[in-house]
Amino acid sequence: EESAFIRHSQEVHNLIQWLESAGGFLDSRVEIRRLDPEDPSSYFGVFANAPIQENEILMRIPGELKIQIVDDGNDWEYDEEVCELSWMLKAEFEKGDKSKFLPYINYLRTQVEGQIPGAWSSAGQGLLLKVQGGLRINGAYEEEEPSSIVSWLRSYAEEECAVGDETLDPHFIALTVQRGYDSALIPIYDMLNHSNHPEKVNTMTDSSLHDFDDEFTVQALRHLKAGEELHYAYHDTSSDEWGTPEILRDFGFVEGYPHTFHISDGVTIVVDQVESDDGQLEYVASCLNENCPESSWIEEKVQALMEVEEILLPEVAMAKLQVPPRELAIIKEYHQALLVAFSSISSKCPDPDT
Ligand SMILES: C[S@@+](CC[C@H](N)C(=O)[O-])C[C@H]1O[C@@H](n2cnc3c(N)ncnc32)[C@H](O)[C@@H]1O
């Protein structure tokens with residue numbers, strides 16, 4: 001009993017009941033549970049617990065369950081959407097039991113603060129900035145300062161989303177960015193985790209995604225095996241400028257391979273991990289359109305990352321910098337991802353002196 005409770009959580013149970021009572025649907029072969037059912041601190045994901053055929057409907061979310069910005073016929077800018085949706089979320093939190101999204105709000109209340117770099121401790125933010133160095137970060141429309149990987153949230157809270165003198169609690173902005181889909185927060189669907197690995201992306205949504213108020217349908221992209229986790233790609237890394245650093249900024253984790261780094265206009269490094277003939281895992285890096293950065297640039301980056309590793313990581317290990325363990329683990333993963341990317345691409349980069 002106890003373990004079933006930890007596995008599913010009361011909040012998730014209530015969420016599914018709410019979905020069904022509103023005329024929505026979640027296939028009984030689809031289970032929402034913690035990644036590690038035995039660990040009550042692990043996060044949630046969505047799994048197929050029996051085989052499912054290609055194209056079968058996995059879930060249907062009625063339009064009225066979505067928290068969605070009002071379609072006023074205007075083309076909203078990205079930051080306007082994020083701010084508007086975040087204010088709407090705050091309003092629902094403040095309605096208490098009177099929110100018509102109560103089961104959803106109660107689930108979101110379980111989400112702790114500090115999940116994304118913008119909400120990390122200042123020690124964690126400082127260390128991440130050292131790892132990031134001058135590496136490019138993209139916004140919705142243009143390049144941002146590399147430091148915006150941590151500073152954007154505060155800037156949204158105090159500037160972009162402020163209304164007059166009233167600033168917005170950054171936690172609502174973080175929740176919206178981590179879980180929102182364009183102009184909407186979509187309960188249940190937002191329990192799916194991210195992957196951009198071609199073999200792991202296994203769900204698709206219908207075109208009603210961008211239609212206001214419409215019901216929202218998720219289908220199996222291919223045959224699903226029992227036990228498989230359901231994923232979709234939070235960003236189409238081939239068509240927009242969101243790569244591994246931007247996923248870290250917005251969602252608070254280092255994605256699995258393949259990794260993508262948009263390092264300057266028209267220059268993108270993609271790194272994949274593949275199994276070689278003798279069964280070993282190895283990294284294969286390439287530059288999109290064979291547009292590679294200069295070798296001196298790569299050398300500089302590798303050098304800077306080695307310095308961070310040699311000087312900072314042991315220091316942090318001695319707890320001098322007091323970076324919380326969860327943040328440190330993510331920073332180390334990111335550091336490693338960058339080092340792998342730059343050292344594996346270097347042999348393919350032109351040396352201007354030759
Ligand atoms: C839309 S929610 C997905 C549901 C979430 N895991 C939960 O427990 O409610 C997005 C958040 O889930 C986590 N997440 C999603 N995909 C992940 C992945 N591939 N690895 C690690 N964390 C991931 C991140 O915290 C992210 O900000």
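The hairpin of β14 and β15 has 2 residues between its strands, and Gly266 there takes a positive phi near 75 degrees. This is a predicted model, so a few ground rules apply: local features need pLDDT of at least 70, side-chain atom pairs count only at pLDDT 80 or more, and totals for chains, interfaces and linings use all residues. Residues are numbered from 1 along each chain as its sequence is written. As for the labels, helices (H or I, at least four residues) and strands (E, at least two) are DSSP runs, numbered from the N terminus.

β14 (residues 259-264) and β15 (residues 267-275) pair in the antiparallel sense over 5 bridges, where pairing takes at least two DSSP bridges between two strands. His259 has Val271 of β15 as its bridge partner. β14 is mostly covered, with 5 of its 6 residues buried. Buried here means that 20 or more other C-beta atoms lie within 10 Å of the residue's own, with 12 or fewer counting as exposed and anything in between as partly exposed; the C-beta atoms are placed from the backbone.

β15 also runs antiparallel to β16 (residues 281-287), and 7 bridges join them. Asp272 stands opposite Val284 in β16. The hairpin of β15 and β16 has 5 residues between the strands, and Gly279 takes a positive phi near 85 degrees.

Elsewhere, 4 strands form an open antiparallel sheet in the order β1-β4-β12-β11. Its edge strands are β1 (25-26) and β11 (203-205), each pairing on one side only. β1 is joined to β4 (residues 57-61) by 2 bridges, again antiparallel, and Phe25 sits opposite Arg60.

Now for two of the helices. The expected span in the table is 1.5 Å times one less than the number of residues.

| Helix | Residues | End-to-end C-alpha distance | Expected span |
|---|---|---|---|
| α9 (295-317) | 23 residues | 32 Å | 33 Å |

α9 has a kink of about 30 degrees centred on Glu309; the bend is the angle between axes fitted to the seven residues ending at a residue and the seven starting there. Ile298, Lys301 and Leu305 are buried in α9. What do the buried residues of α9 pack against? They pack against α10 (325-345), with contact meaning C-beta atoms, placed from the backbone, within 7 Å. Just after α9, Ala319 takes a positive phi of about 70 degrees.

In α3, the buried residues are Val82, Cys83, Leu85, Ser86 and Leu89. Their cover includes β5 (67-68), α6 (148-160), α7, β8 (180-181) and β9 (184-185).

Finally, the ligand. It is surrounded by 15 residues, and the closest are Tyr43, Phe44, Asn193, Phe251 and Phe253. β3 (44-48), α7 (170-179) and β10 (193-194) each supply at least two residues of the shell. What is the make-up of that shell in nonpolar, polar and charged residues? There are 5 nonpolar, 7 polar and 3 charged, where Ala, Val, Leu, Ile, Met, Phe, Trp, Tyr, Cys and Pro count as nonpolar, Asp, Glu, Lys and Arg as charged, and the others, Gly among them, as polar.

Terms used:
Near = placed C-beta within 6 Å. Contact = placed C-beta atoms within 7 Å.
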